[in-house]
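Student: Hey, I have a new structure to go through. Can you walk me through it?

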Amino acid sequence: MDEIINRVANSALQVFDLEDYFPKQSIVELDISQWLFGGFILKETEFREQLKAHDWAQYQGNYVALYCSEDAILPAWAYALVSVYLQPYALKVVNGSSKELLLSLYQQTLDNLDYSDFKDKPVILKGCSNKPVPQELYVLAVQKLTPFVKSLMFGEACSSVPLYKRK
């Protein structure tokens with residue numbers, strides 16, 4: 001019986017997996033409607049009192065997506081004030097959804113990566129993941145990789161779709 005040889009592992013093919021850069025710390029969504037009168041009216045005095053009484057330490061070492069689930073009209077300072085309380089504890093606070101926070105974290109990470117390891121090599125942008133990697137990140141990854149790679153494919157080594165080939 002012939003030995004099974006993994007030709008992919010022995011090739012120059014590199015895999016760029018966005019899941020490798022998924023944040024290790026938790027992403028917490030914080031709905032500020034809990035501090036609004038009736039869930040949608042901001043009464044400044046009560047709002048400030050509730051913020052002072054809240055246990056902010058529970059956000060220690062986490063990323064926080066700050067949003068309002070109600071259709072309330074809020075002054076800009078409301079989100080800013082909540083972020084003041086979060087600042088000593090949270091790693092990063094974004095006014096928006098957990099997806100927007102994840103996009104922000106990935107943007108920062110991908111902007112700071114050294115892509116020289118992929119210079120003049122065929123690269124596969126891994127398409128499957130077990131974590132919720134937003135689709136927008138694949139577009140960003142293509143923009144970051146194409147100046148370096150010889151060719152870029154999407155998917156898995158067994159079934160990839162060609163995206164780019166340097167001329």
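Student: Let's start with a strand. In β5, which residue is the bridge partner of Val-15?
Tutor: Ile-124 is the bridge partner of Val-15. Keep one thing in mind from the start: this is a predicted model.

Student: OK. How many bridges join β1 and β5, and in which sense do they pair?
Tutor: Three bridges, in the parallel sense. As a rule, strands of a sheet pair through backbone hydrogen bonds, either parallel or antiparallel.

Student: What does β5 pair with over five bridges?
Tutor: With strand β6, residues 151–156. That pairing is parallel. Within it, Pro-122 stands opposite Ser-151 in β6.

Student: So what is the order of the strands in the open sheet of four?
Tutor: The order is β1-β5-β6-β7, and the pairing is mixed. At the edges sit β1 and β7 (159–165), and each pairs on one side only. On average, neighbouring strands of this sheet are turned by 30° against each other, direction ignored.

Student: Which helix packs on that sheet, touching β1, β5, β6 and β7?
Tutor: Helix α4, residues 136–145. Its direction makes about 165° with that of β5.

Student: Now the other sheet. What is the order of the strands in the open sheet of three?
Tutor: The order is β2-β3-β4, and here the pairing is parallel. The edge strands are β2 and β4 (92–95). Neighbouring strands of this sheet are turned by 25° against each other on average, direction ignored.

Student: How many bridges are there between β2 and β3?
Tutor: Five, in the parallel sense. Strand β3 covers residues 63–67. One example is Leu-30, whose bridge partner in β3 is Leu-66.

Student: And which helix lies across β2, β3 and β4, at about 160° to β3?
Tutor: That is α2, residues 76–86. Helix α3, residues 98–111, also packs on the sheet and touches β2, β3 and β4. The direction of α3 makes about 125° with that of β4.

Student: Switching to the inside. Which residues touch the most other members in the largest nonpolar core?
Tutor: Leu-30, Ile-32, Trp-35, Phe-47, Trp-56, Val-82 and Leu-86. The core has 19 residues. α1 (44–53), β3 and α2 each supply at least two of its residues.

Student: Which element gives the most?
Tutor: α2 does, with five residues.

Student: What does Leu-86 touch, leaving out residues up to four places away in sequence?
Tutor: Leu-30, Trp-56, Tyr-59, Val-64 and Val-93. There is another core apart from the largest one. This other core has 18 residues, among them Tyr-106, Phe-118, Leu-137 and Leu-140.

Student: How many aromatic pairs are found in the whole structure?
Tutor: Ten. A pair of aromatic rings is described by the distance of the centres and the angle of the planes.

Student: Why is the pair of Phe-16 and Tyr-115 called tilted?
Tutor: The ring centres of Phe-16 and Tyr-115 are 6.2 Å apart and the planes are at 35°. Planes under 30 degrees apart count as stacked and over 60 as edge-to-face, so the rest are tilted.

Student: Which parts does that pair tie together?
Tutor: Phe-16 lies in strand β1, and Tyr-115 in the loop between α3 and β5 (122–126). So the pair ties together parts that are 99 residues apart in sequence.

Student: Are Phe-16 and Tyr-115 buried or exposed?
Tutor: Phe-16 is buried, and Tyr-115 is buried too.

Student: What about the rings of Trp-56 and Tyr-59: what angle do their planes make?
Tutor: 45°, with the centres 5.9 Å apart, so that pair is tilted. Trp-56 and Tyr-59 are both buried.

Student: Back to Phe-16. Which residues form one aromatic cluster with Phe-16?
Tutor: Tyr-21, Tyr-115, Phe-118 and Phe-148.

Student: Where does Tyr-21 lie?
Tutor: In the loop between β1 (14–16) and β2 (27–31). Tyr-21 has a relative accessible area of 26%. Buried means under 20% and exposed over 50%, so Tyr-21 counts as partly exposed.

Student: What is Tyr-21 in contact with, leaving aside neighbours within four places in sequence?
Tutor: Phe-16, Tyr-106, Thr-109 and Leu-113.

Student: Last one. What lies over the face of Phe-37?
Tutor: Lys-43, at 3.8 Å from the ring centre.

Notes. Residues numbered from 1 in each chain as written. Predicted model: local features only at pLDDT ≥ 70, side-chain atom pairs only at ≥ 80, totals over all residues. Heavy atoms only, no water. Buried < 20%, exposed > 50% of the residue type's maximum accessible area, 1.4 Å probe, protein only. Contact = heavy atoms within 4.5 Å. Pairing = 2+ DSSP bridges. Axes fitted to C-alpha atoms, helices over the stretch in contact; angles between N-to-C directions. Core = buried A, V, L, I, M, F, W, Y, C linked by side-chain atoms within 4.5 Å. Phe/Tyr/Trp six-rings, centres within 6.5 Å; stacked < 30°, edge-to-face > 60°. Lys NZ or Arg CZ within 6 Å of the ring centre and 35° of its normal.
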